[in-house]
Amino acid sequence: MDVSTLKIVFSWGMLKASDLETYVPGQISEDDFKEITGEEFKKEG
């Protein structure tokens with residue numbers, strides 16, 4: 001899925017920020033994560 005599709009699905013409540021964390025950095029960048037969720041991406045560990 002592209003970023004705009006993920007943003008729409010996220011706004012519908014079908015995805016949570018924690019679901020999207022698994023896509024970073026493989027499928028979306030940290031900047032994309034922020035654009036979709038409005039939150040900074042925080043790496044654990």
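Which residue forms a salt bridge with Lys34? The partner is Glu40, and the closest N and O atoms are 2.7 Å apart. By salt bridge I mean a side-chain nitrogen of Lys or Arg within 4 Å of a carboxyl oxygen of Asp or Glu. A search of the whole structure finds 1 salt bridge.

Before going on, the conditions. This is a predicted model: local features need pLDDT of at least 70, side-chain atom pairs count only at pLDDT 80 or more, and totals for chains, interfaces and linings use all residues. Residues are numbered from 1 along each chain as its sequence is written, and side-chain values use heavy atoms, with hydrogens and water left out.

Back to the pair. Glu40 is partly exposed, at 48% relative accessibility, and Lys34 is also partly exposed, at 40%. The cut-offs are under 20% relative accessible area for buried, over 50% for exposed, and partly exposed in between, with a 1.4 Å probe and protein chains only.

The largest nonpolar core has 11 residues: Val3, Leu6, Val9, Leu15, Ala17, Leu20, Val24, Ile28, Phe33, Ile36 and Phe41. Helices H1 (3-11), H2 (17-20) and H3 (30-37) each supply at least two residues of this core, and H1 gives the most, with 3 residues. A nonpolar core here is a set of buried Ala, Val, Leu, Ile, Met, Phe, Trp, Tyr and Cys residues joined through side-chain atoms within 4.5 Å. Helices are DSSP runs of H or I, at least four residues, numbered from the N terminus.

Now H1 itself. Its buried residues are Val3, Leu6 and Val9. They lie on the same side of H1, because they cover an arc of only 125 degrees around the axis, taken from the directions from the helix axis to the C-beta atoms. What covers them includes H2 and H3. Leu6 touches Met1, Leu15, Leu20, Ile28 and Ile36, not counting residues up to four places away in sequence; contact means heavy atoms within 4.5 Å.

Two backbone points. H1 is followed by Gly13, whose phi is positive, near 85 degrees. In the loop between H2 and H3 we find Pro25, which is joined to Val24 by a cis peptide bond with omega about -5 degrees. For reference, most residues other than glycine have a negative phi, and most peptide bonds are trans.

Last, what about Met14: buried or exposed? Met14 is exposed, with a relative accessible area of 60%, and lies in the loop between H1 and H2.
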